[in-house]
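Q: Could you walk me through this model, with the cut-offs spelled out as we go?

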Amino acid sequence: MSTVSTPMVGSAPLINRDRVIDWLGIAPFIIFSLLFLIIPTLYLVAGAFLTPDGSFTLKNIGDLFTPSIMSAYWISIRVSVASALGGALIGFFLAWAVVLGGLPNSVRSTLLTFSGVASNFAGVPLAFAFLATLGRTGLVTVFLREWFDFNLYSTGFNLLSFLGLTITYMYFQIPLMVLILTPALDGMKKEWREASQILGATNRQYWTMVALPILWPSLLGTTLLLFANAFGAIATAFALTGSSLNIVPILLYAQIRGDVLHNANLGYAIALGMIVITGVSNVLYLMLRMRAERWQK
């Protein structure tokens, strides 16, 4: 009876079986990343510099600076900044309340569970939920009108607008802030507060001179992540406002879906601009996260 032996070089095996198993374990992730992230991104980047017949051109990049496209970028940036700042502010105080505010553990577990669900609740269901709640015939709108004689829409509010889309985005921005910032608040050491108290610092001085400087990289980095999260969202915006609000993802969708605005290569250029903006945001987030982790160690 013969046995299969592992080829040897000297006294060491030529093939490390454990290393092969490790690589096989991450092979699905590598294949998924190549097929759905890396290759499509390279295809978009190449297409942004090509004409429909395959010739090299810079016209698509130049067309990004036309007024309509620049306006779409500007509206998207404004919505993303507003929802990121609002989500970061409210999310910070929620995370602070459950971690450092002395609330029962049941409240913390409930909030974190809800945040895990709500941070992934977007698209058509989220748009429908807000239309059913804050639309012209929504539950809250009718309740305010019937019970308090207050017409929400007479104040100029419109759910299908910049403000309405920002409020809708904050539904998933706030929970995402809570999920990411809670570990950072958990990492605040009790020794830091005790040392500041021994040195005579007030609670306000502790937060302004010790806690916030330590948390600042996490706060700023998470806000940048929220910005990137909102900048690339399309399903919620399209389902809620249709084409009434000219944001970049909707403009990109119009360029590549084959309607009267069909220009696939210009769509690739618009997508390249989005990749650059979100890429810069994510790189800054990772840099700030690494800095925050050094403090927490």
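Q: Which helix do Asp63 and Lys59 both lie in, and how many residues apart are they?
A: Asp63 and Lys59 both lie in helix α2 (residues 59–63), four residues apart, which is about one turn of the helix. Helices here are DSSP runs of H or I with at least four residues, strands are runs of E with at least two, and both are numbered from the N terminus. This is a predicted model, in which local features need pLDDT of at least 70 and side-chain atom pairs count only at pLDDT 80 or more, while totals for chains, interfaces and linings use all residues. Residues are numbered from 1 along each chain as its sequence is written, and side-chain values use heavy atoms, with hydrogens and water left out.

Q: What do the side chains of Asp63 and Lys59 meet in?
A: They meet in a salt bridge, with 2.9 Å from N to O; the term stands for a side-chain nitrogen of Lys or Arg within 4 Å of a carboxyl oxygen of Asp or Glu. Side chains of opposite charge can pair when their charged atoms come close.

Q: Is Asp63 buried or exposed, and what about Lys59?
A: Asp63 is buried, at a relative accessible area of 17%, whereas Lys59 is exposed at 55%. Buried means under 20% relative accessible area, exposed means over 50%, and partly exposed is in between, using a 1.4 Å probe and protein chains only.

Q: How many salt bridges does the structure hold?
A: The structure holds two. Besides the pair in α2, the side chains of Asp186 and Arg108 meet in a salt bridge at 2.7 Å, N to O. Asp186 belongs to helix α7 (residues 162–186) and Arg108 to helix α4 (residues 105–118), so this pair ties together parts that are 78 residues apart in sequence. Asp186 is partly exposed at 39% relative accessibility, and Arg108 is also partly exposed, at 24%.

Q: Staying with α7, at what angle does α3 pack against α7?
A: Helix α3 (residues 67–100) and α7 pack at an angle of about 40°, and their axes are 6 Å apart. The axes are lines fitted to C-alpha atoms, for helices over the stretch in contact, and the angles run from 0 to 180 degrees between N-to-C directions. The two helices are therefore oblique to each other; angles under 35 degrees count as roughly parallel, over 145 as roughly antiparallel, 65 to 115 as roughly perpendicular, and the rest as oblique.

Q: What residues make up the contact of α3 with α7, by class?
A: That contact divides into 20 nonpolar, seven polar and two charged residues. Ala, Val, Leu, Ile, Met, Phe, Trp, Tyr, Cys and Pro count as nonpolar, Asp, Glu, Lys and Arg as charged, and the others, Gly among them, as polar.

Q: And what is the geometry of α3 with α9?
A: α3 and helix α9 (residues 203–231) pack at an angle of about 135°, with axes 8 Å apart, which makes α3 oblique to α9. By class, the contact of α3 with α9 has 17 nonpolar, five polar and no charged residues.

Q: Where is Ser76, and is it buried or exposed?
A: Ser76 is in helix α3, and it is buried, with a relative accessible area of 4%. Ser76 and Phe227 are 151 residues apart in sequence and 9.9 Å apart in space, C-alpha to C-alpha.

Q: Switching topic, which residues does UniProt list for "transmembrane region"?
A: The unreviewed UniProt entry lists residues 21–51, 71–99, 111–139, 159–185, 206–227, 233–254 and 266–288; annotations of this kind may be inferred rather than shown by experiment. In the model, residues 21–51 are 87% helix and 0% strand, with the end C-alpha atoms 45 Å apart. Residues 111–139 are 69% helix and 0% strand, and their end C-alpha atoms lie 24 Å apart.

Q: Why is α11 described as largely enclosed?
A: Seven of the nine residues of helix α11 (residues 248–256) are buried, so α11 is largely enclosed by the rest of the structure. Among the buried ones are Val248, Pro249 and Gln255.

Q: Last one: where is Asp149, and what is its phi near?
A: Asp149 is in the loop between α6 (139–148) and α7, and its phi is near 50°, a positive value in a residue other than glycine. Asp149 is exposed, with a relative accessible area of 71%.
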